[in-house]
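Reader: I am new to this one. Could you walk me through the terms as we go?

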Amino acid sequence: MTSIAQARSHGTAGLVRKPEFAFPARLRMAAAGTTAVVGRAITAARAYEGARGTSARRAALREFAATR
């Protein structure tokens, strides 16, 4: 009788990629995350400043809060 773990390992062989923990890869991931956060903040600030009226500014803030 085979165990469940053995059956699963054969079914997923080659499908699961080993994570890359090299320093350049971690640096790229950190830079991409920072770029995304700053980009969303700048976009939200432009939308807020360009909004006319209180309700439009509130809508811009709601949209920014939804993307976090």
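Author: Gladly! From the N terminus on, the elements of the protein chain run α-α-α. This is a predicted model, where local features need pLDDT of at least 70, side-chain atom pairs count only at pLDDT 80 or more, and totals for chains, interfaces and linings use all residues. Residues are numbered from 1 along each chain as its sequence is written, and side-chain values use heavy atoms, leaving out hydrogens and water.

Reader: What makes a stretch count as a helix, and how many does the protein chain have?

Author: A helix is a DSSP run of H or I with at least four residues, and a strand a run of E with at least two, numbered from the N terminus. The protein chain has three helices and zero strands.

Reader: Which residues make the contact?

Author: With contact meaning heavy atoms within 4.5 Å, those taking part include Ala44 and Tyr48 of H2 and Leu61 and Phe64 of H3.
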